[in-house]
Amino acid sequence: METWIHSHIAQLLGWLSLPEIGLSTVFIVSFISATLLPLGSEPAVFGLIKLNPELFWAAILVATTGNTLGGMFSWLVGFGAHKAVGHKLHSASDVRALQWLKSLGPKACLLAWLPVVGDPLCAMAGWLKLPLWPCALYMLIGKFLRYLVMTVSLLWIFPSQV
């Protein structure tokens with residue numbers, strides 16, 4: 001039974017590492033990981049690049065695109081929530097956080113790559129009705145730099161075995 005499981009996992013990983021499937025997987029995982037759902041996309045990007053080094057730039061760009069579109073989706077969720085719920089703030093820290101975010105404007109979305117706070121930050125930008133396209137541009141820049149730095153760092157830490 002254990003051999004059967006290992007062989008099927010290896011087969012699935014091999015299938016997902018195919019360039020035409022792997023890039024789609026990276027896009028989907030990157031999109032989902034930019035929403036409020038708990039999922040990280042870095043292992044998928046790193047794994048694809050380790051298995052297909054020639055896809056370095058393609059994987060970085062696909063992950064950045066998926067993650068940015070996911071951030072824009074979170075912005076839209078925040079925008080929609082604002083319309084549905086209104087201005088219901090419960091604590092002084094909520095008010096301070098929203099005032100800080102509003103004072104930074106769309107540039108705050110440059111921090112959308114941060115773990116834990118980045119995804120809610122995109123939703124809060126929508127809640128505050130910060131302009132979508134400038135927010136998306138800052139998300140794109142931050143997320144691209146994160147994927148580039150993270151992947152290069154992981155490749156340096158875990159070099160290929162020749």
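**First stop: a salt bridge**

Select Arg146 and Glu42 in this predicted model. Their side chains form a salt bridge, with 3.3 Å from N to O. The two partners belong to distant parts of the chain, 104 residues apart: Arg146 lies in helix 7 (residues 132-157), and Glu42 lies in helix 3 (residues 42-51). Display the surface as well, and note that both Arg146 and Glu42 are buried. Side chains of opposite charge can pair when their charged atoms come close. The count for this structure is 1 salt bridge.

**Second stop: Thr68**

Proceed to helix 4 (residues 56-85) and select Thr68 within that helix. Is Thr68 buried or exposed? Its relative accessible area is 6%, which is under the 20% limit, so Thr68 counts as buried. Next, show the residues that touch Thr68, leaving aside its neighbours within four places in sequence. These contacts are Ala136, Met139, Leu140 and Lys143.

Finally, select helix 5 (residues 92-104) together with helix 6 (residues 118-127). Two packed helices are described by the angle between their axes and the distance between the axes. Here the angle is about 80 degrees, and the axes are 10 Å apart. Because this angle falls in the range from 65 to 115 degrees, helix 5 is roughly perpendicular to helix 6.

To view the contact itself, display the side chains of Leu98, Trp100 and Leu101 in helix 5, which meet Leu121, Met124, Ala125 and Trp127 in helix 6. Which classes of residue make up this contact? The contact of helix 5 with helix 6 comprises 7 nonpolar residues, with no polar and no charged ones.

Terms used. Residues numbered from 1 in each chain as written. Predicted model: local features only at pLDDT ≥ 70, side-chain atom pairs only at ≥ 80, totals over all residues. Heavy atoms only, no water. Helix = DSSP H or I, 4+ residues; strand = E, 2+ residues; numbered from the N terminus. Buried < 20%, exposed > 50% of the residue type's maximum accessible area, 1.4 Å probe, protein only. Contact = heavy atoms within 4.5 Å. Salt bridge = Lys/Arg side-chain N within 4 Å of Asp/Glu carboxyl O. Axes fitted to C-alpha atoms, helices over the stretch in contact; angles between N-to-C directions. Parallel < 35°, antiparallel > 145°, perpendicular 65-115°, else oblique. Nonpolar A, V, L, I, M, F, W, Y, C, P; charged D, E, K, R; others polar.
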